[in-house]
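Take a look at the sequence and the structure below, then read on.

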Amino acid sequence: MHLNRGVTVELEGGAVDADLVLRPRVDGLLTEVLAAPERLAELVEALGSPLNLVLPRRLAENAAAFRAVYAEHRLGGTIYFAHKANRSTALVRELAATGCGIDVASLGELRHALAAGFAGERIMATGPKDAEFLWLAARVGAVVGADSAAELTSLAGIVDRFGFDPVRVLIRIGGFDSPGVPILSRPSRFGVHARELPAVYDLLDRHRSELRLLGTAFHLDTTGIEEKALALEGCLLAMGEAMARGFAPTAIDIGGGFGVNYLAARADWERYTTELGRAVLGRRPAMTWQNYGYGLRADGATLRGGLGLYPAHRDLAGADYLAELLARESAALGRPLATLLLENLYDLHIEPGRALTDQCGLTLARVAEVRTLHTGDTLVRLAANSRDISTEDHAVLMDPVLLPARQAPGEQAPVYLGGNLCLEDDFLTRRAVLLPRLPVPGDLLAFVNTAGYFMDFAAGPALMQAQARTVAVYPEDGGWGWCLDEQYWPGKGDRS
Ligand SMILES: Cc1ncc(COP(=O)(O)O)c(C=O)c1O
């Protein structure tokens, strides 16, 4: 990115500071991929726009970083990749070659994992489950992360009817009482409340020949470490209650939510969010489409609401977040959480999605049209839409990289990025993005770090627009090679 600090750029009759950028964090093989714009242009020419690139090896490297935290604390347990983060076959196959497990949240994902080489015992079935999903999970010996008493009853019925071996189950706890200082725990539609556990243990007692209690679990959709520490403590207490009831649980599953740091510089994030607040209050020119506030609103001279954005710059994310959580002291039990797990010889299971896919991919989109609106704003229409690249939907703001296929850098240009759907709100982002020069049709924008949820989670065939193909990229001969996603198998690119 070429920054002209201190310079201002015209936007909607006002001005945007030239340093209002949100530069993405890029490293490893992804940097090398971006350094070959001609090759990327050829790929889009051949395979169409949008185009997803995934980097399977990086997934395995990210898993190794989590594994190192386990080793540090001498903890056992399994890293289950939350498949929902990405549909790529290459990623799942690469993972099947490691010691990781996989967390599947649908029948389709379960079948995909089995076909990629995962044996049933390395699979964890989570999320809402219908009878077919439960049947296949039970048949292949997957662990079932049970969501409710009703689900356990259905599962026990299937096991009994088909004479399957007992299924290992984890009880997902969706609400905890805080023993000491009250800590806000957000309500969840998943799992049972800790207070309902006695009834669940009664049910498991009645189904000892069909269900085997492996342990307790939670997944909290929050970045808050305090809430997670409280939940882990709640799981430890629940394990004690289960043992008192004559069960022999051995594992605690703390779900995902370890997070990713998307931005290269904290200063970008702080500057941008501060200025966004000022813009909403009318103290500076708008930075977003119709002065959209991302949850912030002006009430006279007062800023109200809350910033509904993922903290795109995070000092603590991924494996480091796990390390920090494990070092937290349990208020009720008086020792660090890692020590408590080790003393009880409990396995620690985790289900990272986003954090395991950090730096594992990017999405390319071709510029289809560049138009000046009557307001003076510039609208860049892409051959892709907000479902193909759903960073905005997931509340993550980071700049795309303009690939200088043909042109030299020019004047910075603030542009709105519109999609190819005839929907008013089909913006890839509602904020004006500052590009190093005005793009021209045929240029490419690379949206980096899209492998976790932004690449294919929401993508579909709306308006029969082309859906992105996915290619797998791997290190080869000191550079990188590629193949279609479905043609990738572990070892690709290695010299035998
Ligand atoms: C049960 C469960 N486990 C794991 C995850 C993965 O979370 P993340 O991608 O934030 O790590 C999710 C995400 O929705 C989930 O619902």
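Let's start in a loop: L345 lies in the one between helix 12 (337-343) and strand 14 (347-349). Helices (H or I, at least four residues) and strands (E, at least two) are DSSP runs, numbered from the N terminus. L345 isn't a glycine, yet its phi is positive, at about 55 degrees.

Another loop, between helix 2 (37-47) and strand 3 (51-54), holds P50. The peptide bond running from S49 to P50 is cis, with omega near 0 degrees. For background, most residues other than glycine have a negative phi, and most peptide bonds are trans.

## What you're looking at

This is a predicted model, where local features need pLDDT of at least 70 and side-chain atom pairs count only at pLDDT 80 or more, while totals for chains, interfaces and linings use all residues. Residues are numbered from 1 along each chain as its sequence is written, and side-chain values use heavy atoms, with hydrogens and water left out.

## Around the ligand

Which residues surround the ligand? They are A82, K84, D103, R172, H219, G256, G257, E351, P352, G353, R354 and Y453 (near means that a heavy atom of the residue lies within 4 Å of the molecule). This shell splits into three nonpolar, four polar and five charged residues. Here Ala, Val, Leu, Ile, Met, Phe, Trp, Tyr, Cys and Pro count as nonpolar, Asp, Glu, Lys and Arg as charged, and the others, Gly among them, as polar.

Now for some polar contacts (pairs of N or O atoms within 3.5 Å). An oxygen atom of the ligand is 2.7 Å from a polar backbone atom of G257, and an oxygen atom of the ligand is 2.9 Å from one of G353. Taken alone, the ligand exposes 390 Å², and the protein buries 83% of that (areas come from the Shrake-Rupley method with a 1.4 Å probe).

## The largest pocket

The ligand takes up the space of the largest pocket. (On a 1 Å grid over the protein atoms alone, a pocket is an open set of points with protein on both sides within 12 Å along at least five of seven lines, a cavity is a set where a 1.4 Å probe fits but cannot get out, and lining residues have an atom within 4 Å of a point. A molecule sits in one if more than half of its atoms lie within 2 Å of its grid points.)

About 1000 Å³ of space lies in this pocket (a volume is the space filled by probe spheres set on the points). Of its 37 lining residues, K84, H219, L220, D221 and Y453 are the closest to its centre. The lining divides into 14 nonpolar, 13 polar and 10 charged residues.

The largest cavity has a volume of about 60 Å³, and its lining has eight nonpolar, two polar and two charged residues. Strand 19 (residues 427-435) gives the largest share of that lining, four residues.

The second largest cavity, at about 30 Å³, is lined by T391, M398, D399, F447, V448 and T450.

Note on methods
Polar contact = N/O pair within 3.5 Å; in protein donor to acceptor, adjacent residues only side chain to side chain.
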